[in-house]
Amino acid sequence: MAVTPWGDLYPCHQFVGEEKFKLGNIYEGVTNHEIQEDFRCCNAYARPDCQDCWAKLYCSGGCAANAYHATGSVKGIYEYGCELFRKRMECAIMLQVAEDLEGIDGSVRHGYTSANFSVGEGNLADDDCGDCSSDDCTSGK
C-alpha cells in the first residue's frame with residue numbers, strides 16, 4: 001500500500017500517479033474495489049503459471065507492476081523476472097550449502113568446496129569425498 005502526501009491510496013508505490021490504480025484516499029477509504037480485487041489475485045496461489053514453480057513461495061508470484069508493464073495485466077507473469085528470481089534463489093541456496101559444507105575454521109568437510117558444487121544442476125559433484133568412514137557422512141556415497 002502506498003499513500004501519497006495528498007492522501008491518495010495506491011496498491012504499490014510503482015502505481016502512484018496512474019489514476020486507474022488509485023484505490024481511494026485516506027478520507028474516504030478504498031472506493032475502487034475492482035482494482036482491489038485484481039490485486040487480491042496477485043499471488044502465487046492465484047496465478048496458474050506459478051502452480052508448478054519450485055520458487056513460488058519465495059517470490060509470492062512476483063511484482064505486480066512488472067507483470068502489468070510486461071503483459072498489460074497485474075495478474076500476468078513477467079517471465080524474465082521469474083527466470084532471474086529463480087537463478088538468484090539457486091545461487092543463494094548454493095552459497096548456503098557451500099558455506100555449510102565448510103567448517104567454521106575454514107576447513108572443508110568431506111572434501112567438498114564451492115568449487116565442486118554444480119550451480120546449474122544444483123547437485124554436489126559426483127566425486128567421492130573420500131571421508132565416508134564417518135557415521136555422519138551425508139554425501140550418500
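Strands β3 and β4 pair in the antiparallel sense over two bridges; two strands count as paired if DSSP finds at least two bridges between them. The model is a predicted one, in which local features need pLDDT of at least 70 and side-chain atom pairs count only at pLDDT 80 or more, while totals for chains, interfaces and linings use all residues. Residues are numbered from 1 along each chain as its sequence is written, and side-chain values use heavy atoms, with hydrogens and water left out.

The open sheet is formed by four strands in the order β1-β2-β3-β4, with antiparallel pairing. The edges are taken by β1 (2-3) and β4 (29-30), each with a single partner strand, so one side of each is left without a neighbour in the sheet. Strands (E, at least two residues) and helices (H or I, at least four) are DSSP runs numbered from the N terminus.

Six aromatic pairs were found in a search of the whole structure. Rings of Phe, Tyr and Trp (its six-membered ring) pair if their centres lie within 6.5 Å; planes under 30 degrees apart count as stacked, over 60 as edge-to-face and the rest as tilted. The F15 and F39 rings are edge-to-face, because their centres are 5.4 Å apart and their planes stand at 85 degrees. This pair links distant parts of the chain, 24 residues apart: F15 is in the loop between β2 (8-10) and β3 (24-25), and F39 is in helix α1 (residues 33-40). F15 counts as buried at 0% relative accessibility, and F39 counts as buried at 18%; buried means under 20% relative accessible area, exposed over 50% and partly exposed in between (1.4 Å probe, protein chains only).

The rings of F15 and Y68 have centres 6.1 Å apart and planes at 65 degrees, so this pair is also edge-to-face. Because F15 lies in the loop between β2 and β3 and Y68 in helix α3, the pair ties together parts 53 residues apart in sequence. Y68 is buried, with a relative accessible area of 18%. Ring pairs link F15, F21, F39 and Y68 into a cluster.

The largest pocket is lined by 21 residues, with C59, G62, Y78, G81 and C82 nearest its centre. Helix α4 gives the most to this lining, with seven residues. At least two lining residues come from each of α2 (56-59), α3 (64-71) and α4 (79-101).

Note on methods: 1 Å grid on protein atoms, 1.4 Å probe; cavity = no way out; pocket = protein on both sides within 12 Å on 5 of 7 lines; lining within 4 Å.
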